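Colleague: I have a model open and would like to go through it with you. Could you take my questions one at a time?

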Amino acid sequence: MNPKLSAYVENILQQEITDDRKRILQPLIDYIQQKVKDLKPIHLNFICTHNSRRSHLAQIWAQTASHYYAISDTQCYSGGTEATALFPKIAETLSDVGFNVWKLSEAENSIYAIKFDGNALPVIGFSKKYDDVFNPVSDFAAIMTCSQADDGCPFILGVEKRVPITFEDPKISDHTPEQTKVYSERSLQIASEMFYVFSQIKK
């Protein structure tokens, strides 16, 4: 793992997860545990309305946590009920804690490569619909990271399990002096919860 990111993980592991949040996270733990028990690949699609902020953070932190805890054959994805763009502050927030982030294309919906380890494949970040060809078509869990996406996606083709794990949108801080602080806090919350999930998996 990238050295700066590895040091940041120590901060992640010190975060407290409340009992209420643990109950919310338990269905995802159960899903992953069953896949490990059955020796089957784990496909997780994190879905939010615009696939611009929370779903990307959850995808990237879950992929990182699966690597940290050596839960092999885990692939994490993200999507939205509509495609917009990965918000640049997300890339900046991840870079600040030690991810290597490159912008591969400059466009309205730019494409980023995000690496947590020099020898790992990068996570490719861009906004897309949850059923984009980039995402799995069957045998996956849909993790709904915002209530609007949960309400707006009454049916997801190919999904095995649907798990609502919602987070407050850091967008509320955009164009305010609190923006960097709010994005960092939301990223840390999502990171700590994804690390908790994978820490509970018995191999």
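**Rings, strands and loops**

Modeller: Arg 53 lies over the face of Phe 87, 3.9 Å from the ring centre. Bear in mind that this is a predicted model.

Colleague: Which residue lies over the face of Phe 126?

Modeller: A charge counts as sitting over a ring if NZ of Lys or CZ of Arg is within 6 Å of the ring centre and within 35 degrees of the ring normal. At Phe 126 the distance from the ring centre is 4.6 Å, and the residue over the face is Lys 128.

Colleague: How many aromatic pairs are there?

Modeller: Rings of Phe, Tyr and Trp pair if their centres lie within 6.5 Å. By this rule the count of aromatic pairs is 8.

Colleague: Are Trp 61 and Phe 99 buried or exposed?

Modeller: Buried means under 20% relative accessible area. Trp 61 falls in that class and so does Phe 99: both are buried.

Colleague: What is the angle between the planes of Tyr 68 and Tyr 69?

Modeller: Tyr 68 is partly exposed, with a relative accessible area of 34%, and Tyr 69 is partly exposed at 22%. Their rings form an edge-to-face pair, 4.9 Å centre to centre, and the angle between the planes is 80°.

Colleague: Where does Ser 187 lie, and which residues does Ser 187 touch?

Modeller: Ser 187 lies in helix H6 (residues 179-199). The residue is buried, with a relative accessible area of 1%. Not counting residues up to four places away in sequence, Ser 187 touches Leu 57, Trp 61, Thr 93 and Leu 94.

Colleague: Why is strand E4 largely enclosed by the rest of the structure?

Modeller: Strand E4 covers residues 111-115. E4 is largely enclosed because the number of its 5 residues that are buried is 4.

Colleague: Which residues stand opposite Tyr 112?

Modeller: E3 and E4 pair in the antiparallel sense over 5 bridges, and a hairpin of 5 residues joins them. E4 also pairs in the antiparallel sense with strand E5 (residues 123-125), over 3 bridges. Opposite Tyr 112 in E4 stands Lys 103, and in E5 the residue opposite Tyr 112 is Gly 125.

Colleague: With which residues is Pro 122 in contact?

Modeller: Pro 122 is found in the loop between E4 and E5 and counts as partly exposed, at 34% relative accessibility. Leaving aside neighbours within four places in sequence, Pro 122 is in contact with Ala 113, Ile 114 and Lys 115.

Colleague: Is Asn 51 buried or exposed?

Modeller: Asn 51 is in the loop between strand E1 (42-48) and H3. Its phi is near 45°, a positive value in a residue other than glycine. With a relative accessible area of 0%, Asn 51 is buried.

Colleague: Is His 175 buried or exposed?

Modeller: His 175 is found in the loop between strand E7 (159-164) and H6. Phi of His 175 is also positive, near 65°. Exposed means over 50% relative accessible area; at 79%, His 175 is exposed.

Colleague: What is the radius of gyration of the chain?

Modeller: The chain has 6 helices and 7 strands. For 203 residues the globule rule gives 17 Å, and the chain comes close to that, so it is as compact as a globular protein of that length. Its radius of gyration is 16 Å.

Note on methods. Residues are numbered from 1 along each chain as its sequence is written. This is a predicted model: local features need pLDDT of at least 70, side-chain atom pairs count only at pLDDT 80 or more; totals for chains, interfaces and linings use all residues. Side-chain values use heavy atoms; hydrogens and water are left out. Rings of Phe, Tyr and Trp (its six-membered ring) pair if their centres lie within 6.5 Å; planes under 30 degrees apart count as stacked, over 60 as edge-to-face and the rest as tilted. Buried means under 20% relative accessible area, exposed over 50%, partly exposed in between (1.4 Å probe, protein chains only). Helices (H or I, at least four residues) and strands (E, at least two) are DSSP runs, numbered from the N terminus. Two strands pair if DSSP finds at least two bridges between them. Contact means heavy atoms within 4.5 Å. The radius of gyration is taken over C-alpha atoms; the globule rule is 2.2 Å times the number of residues to the power 0.38.
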